[in-house]
Amino acid sequence: MKKLIAECSKTELDAVLIIMPHMYSDWNIYLQESRECVCNIIKAIIKDTHCIVVLHNKESSHVLGGLEHNPFVHIVHAPTNDTWARDFAPLSVQTDEGKILLHFIFNGWGSKFSYDLDKKLPLLLDTMGIFASKLEQKDFVLEGGSIDYNGAGVLLSTTKCLLNPTRNPHLNQKHIEYILQKELGVEKILWLKHGFLKGDDTDSHIDNLARFIDERTIVYIKCNDTHDEHYEELNLMEKELQMFRGLDGACFNLIPLPMCEPIYYNNERLPASYANFLMLEKRILVPFYGSSKDKEALEIIQQAHSSYKVEGVDCRVLIRQHGSLHCMSMQFPKGTLNI
């Protein structure tokens, strides 16, 4: 029997995988700024657990500004296109024989961007001996940010992404549900048909919209501004969430997160979302955007999960490339890595 290991289950971790922005990527135009941001994220992560940092194989470990000497930081050199580890790193699954890592196909969010190096990273890490668990390749396009799991049989996702013809065009919804149930061990899939963030390149990844914070609780982005372009879609999404039921037929506890006021870069609105938080063993890292809503979002998440220490991390640079904290990280449960 297989069971996807949920982020919200307080699972002990071996490490979190982070990929450092490099000069051979789109980060090059504000490289130092982006590296400082990622180093601050690494500093926050290693308060709780180890961090594996992938540096481009043509770059020195000195870009970590001294973190390369920290015993909780483990450096790997490998070529990558970008930094969004959530979407091409393997997913961790518990089986009767132990934990395994599932390597799904990554196609650059429907071939929107280059992905020839990113799609190979899991295999390269396996060859390097980083993985203690078996790595299994799957003939199915799936990005980690497109799904969220409550640890008790229920998976949350969006039709705009998983049913998008740029992912698995030969499969219908029924076939996709079968594959998710078979490979991830989920029993029920909740499909959101509504919800989006302007500037999101992922076709509405769930990790920007709504997340399980425990088995029974979903936090989600709510828009109260009737003049905002997101208002109608996010309110329709909220109505869908209110209709969802767990395996026992009971509704979920729903906690709204504020919609960050519009943030622009080069006249483009950016997808700033407080749902893009990272859950560790004892700590939740919440992306901050220099917004008046930052503190409110942190306090809401802290009240929702008082057993965690909740900490804000400035992610304003990350959203210039249309992703945030959860997008650029991937947790690995205890026993899956050789560190």
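This is a predicted model: local features need pLDDT of at least 70, side-chain atom pairs count only at pLDDT 80 or more; totals for chains, interfaces and linings use all residues.
Q: How do they run, parallel or antiparallel, and how many bridges join them?
A: Strand 11, residues 210-214, runs antiparallel to strand 12, and four bridges join the two.

Q: Which residue in strand 12 is the bridge partner of Asp214?
A: Thr217 is the partner of Asp214.

Q: And strand 13, parallel or antiparallel to strand 12?
A: Parallel, with six bridges between strand 12 and strand 13, which covers residues 253-258. Opposite Tyr220 stands Pro256 of strand 13. To get from strand 12 to strand 13 the chain passes through helix 7, residues 231-243, in a right-handed β-α-β crossover.

Q: How many residues of strand 12 are buried?
A: Six of the six, residues 217-222, so the strand is mostly covered.

Q: Which ones point which way?
A: Thr217, Val219 and Ile221 point one way, while Ile218, Tyr220 and Lys222 point the other way. Lys222 is buried along with the rest.

Q: Switching to Tyr274. Where is it found?
A: Tyr274 is in the loop between strand 15 (268-269) and strand 16 (278-279).

Q: Buried or exposed, and why?
A: Tyr274 counts as buried because its relative accessibility is 0%, and the cut-off for buried is under 20%.

Q: What is Tyr274 in contact with, leaving aside neighbours within four places in sequence?
A: The contacts of Tyr274 include Ile221, Leu257, Pro258, Cys260, Val286 and Ile301. Ile221 belongs to the group in strand 12 with Thr217 and Val219 that points one way.

Q: Which side chains make polar contacts with the Tyr274 side chain?
A: The side chain of Asp294 does, at 2.6 Å. So does the side chain of Ser291, at 3.5 Å.

Q: What separates the C-alpha atoms of Tyr274 and His62?
A: They are 31 Å apart, with the two residues 212 apart along the chain.

Q: Last topic, backbone angles. What is phi of Ser204?
A: About 65°, a positive value, although Ser204 is not a glycine. Ser204 sits in the loop between strand 10 (188-192) and strand 11. Ser204 counts as buried because its relative accessibility is 6%.

Q: And phi of Ser111?
A: Near 60°, again positive in a residue other than glycine. Ser111 is in helix 3, residues 108-111.

Definitions and conventions: Residues are numbered from 1 along each chain as its sequence is written. Side-chain values use heavy atoms; hydrogens and water are left out. Buried means under 20% relative accessible area, exposed over 50%, partly exposed in between (1.4 Å probe, protein chains only). Two strands pair if DSSP finds at least two bridges between them. A crossover is right-handed if, with the strands pointing away from the viewer, the path from the first strand over the helix to the second runs clockwise. Contact means heavy atoms within 4.5 Å. A polar contact is a pair of N or O atoms within 3.5 Å; within protein, one must be able to donate a hydrogen and the other to accept it, and residues adjacent in sequence count only if both atoms are side-chain atoms.
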